[in-house]
Amino acid sequence: QVQLVESGGGLVQAGGSLRLSCAASGSIGRLNAMAWYRQAPGQQRDLVASIGKSGGTNYADSVKGRFTISRDNAKNTAYLQMNSLKPEDTGVYSCNAGIVRFFSTRESTYWGQGTQVTVSS
C-alpha cells in the first residue's frame with residue numbers, strides 16, 4: 001500500500017503565508033515527480049506546481065514568484081511554501097506523486113486526500 005498525506009492547510013488573511021506538506025509512505029521503491037493541484041469551488045482541478053526527482057520545478061503562471069515547491073527525498077516529502085496569498089488562491093490543495101512500488105517496474109500515480117486553504121480578503 002502507498003499513502004500520500006497532506007497537512008498545513010488552514011485559514012489565512014490575504015498577504016499571509018502557509019506551508020503545505022505531502023508525505024508519502026508505504027511500499028515505495030522509487031518516488032518520482034511530485035506535484036500540487038488546486039481545486040476551487042465549482043472549478044476543475046488545476047496544476048499549481050510540480051517537482052521532479054532531481055529537483056526541476058514548474059509553476060502555474062498565477063503563482064510564479066509567490067509559491068515555492070521543494071522536496072526532501074530522504075523523508076519522501078514534498079512541500080509548498082505559499083507567500084503573498086490572495087483570495088483567489090482559496091481551494092482544496094491535493095498532492096500527487098508518481099511511484100514505483102517495490103517489486104514492480106511500473107509507475108503509478110497516487111493522490112492524497114487534500115487539504116483546505118482559505119484566504120480571506
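Predicted model: local features only at pLDDT ≥ 70, side-chain atom pairs only at ≥ 80, totals over all residues.
User: What does the secondary structure of the protein come to?

Analyst: Zero helices and eleven strands. From the N terminus on, the elements run β-β-β-β-β-β-β-β-β-β-β.

User: How do you know whether the radius of gyration agrees with a compact globule?

Analyst: Set the value against the rule. A compact globule with 121 residues would have a radius of gyration near 14 Å. The protein has 14 Å, so the two agree. The C-alpha trace spans about 50 × 25 × 25 Å along its principal axes. Buried residues make up 45% of the 121 residues.

User: What share of the contacts between residues at least 6 apart in sequence joins residues at least 24 apart?

Analyst: That share is 57%.

User: Which residues touch the most other members of the largest nonpolar core?

Analyst: W36, L80, M82 and Y93 do, in a core of 30 residues. Several strands each supply at least two residues of this core, among them β1 (2–7), β3 (18–26), β4 (28–39) and β5 (45–51). β7, β8 (77–82), β9 (91–101) and β11 (115–120) also each supply at least two.

User: Why is the contact of R38 with D89 called a salt bridge?

Analyst: The cut-off is 4 Å between a side-chain nitrogen of Lys or Arg and a carboxyl oxygen of Asp or Glu. In R38 and D89 the closest N and O atoms are 3.1 Å apart. The pair therefore qualifies as a salt bridge. It links distant parts of the chain: R38 is in strand β4, and D89 is in the loop between β8 and β9, 51 residues apart.

User: Is R38 buried or exposed, and what of D89?

Analyst: Buried means under 20% relative accessible area. R38 is at 14%, so R38 counts as buried. D89 has a relative accessible area of 1%, so D89 is buried too.

User: How many salt bridges are there in the whole structure, and which residues are linked in a network?

Analyst: A search finds three salt bridges. R38, R66 and D89 are linked in a network. The side chains of R66 and D89 meet at 2.8 Å, N to O. R66 lies in the loop between β6 and β7 and D89 in the loop between β8 and β9, so this pair ties together parts that are 23 residues apart in sequence. R66 is buried, as is D89.

User: What makes K64 and D61 a salt bridge, and are these residues buried or exposed?

Analyst: Their side chains meet at 3.1 Å, N to O. The limit is 4 Å, so the label holds. K64 and D61 are both exposed.

User: Why is the pair of F102 and F103 called tilted?

Analyst: The centres must lie within 6.5 Å, and planes under 30 degrees apart count as stacked, over 60 as edge-to-face. F102 and F103 are 6.4 Å centre to centre, with 55 degrees between the planes. The structure holds two aromatic pairs.

User: How do you know how exposed F102 and F103 are?

Analyst: Exposed means over 50% relative accessible area. F103 has 91%, so F103 is exposed. F102 has 48%, so F102 is partly exposed.

User: What makes the phi of F103 and S84 worth a remark?

Analyst: Most residues other than glycine have a negative phi. F103 has a positive phi of about 65 degrees although it is not a glycine. F103 sits in the loop between β9 and β10 (107–111). S84 has a positive phi of about 50 degrees, and S84 is not a glycine either. S84 lies in the loop between β8 and β9. With a relative accessible area of 42%, S84 is partly exposed.

User: How do you know which charges lie over a ring face?

Analyst: The charge must be within 6 Å of the ring centre and within 35 degrees of the ring normal. R19 lies over the face of Y79, at 4.1 Å from the ring centre. R45 lies over the face of W111, at 3.7 Å from the ring centre.

User: Which residues is A60 in contact with, leaving aside its neighbours within four places in sequence?

Analyst: L47 and V48. A60 lies in the loop between β6 (57–59) and β7 (67–72). The C-alpha atoms of A60 and L47 are separated by 6.7 Å, with the two residues 13 apart along the chain.

Notes
Residues numbered from 1 in each chain as written. Heavy atoms only, no water. Phe/Tyr/Trp six-rings, centres within 6.5 Å; stacked < 30°, edge-to-face > 60°. Buried < 20%, exposed > 50% of the residue type's maximum accessible area, 1.4 Å probe, protein only. Helix = DSSP H or I, 4+ residues; strand = E, 2+ residues; numbered from the N terminus. Contact = heavy atoms within 4.5 Å. Core = buried A, V, L, I, M, F, W, Y, C linked by side-chain atoms within 4.5 Å. Rg over C-alpha atoms; globule rule 2.2 N^0.38 Å.
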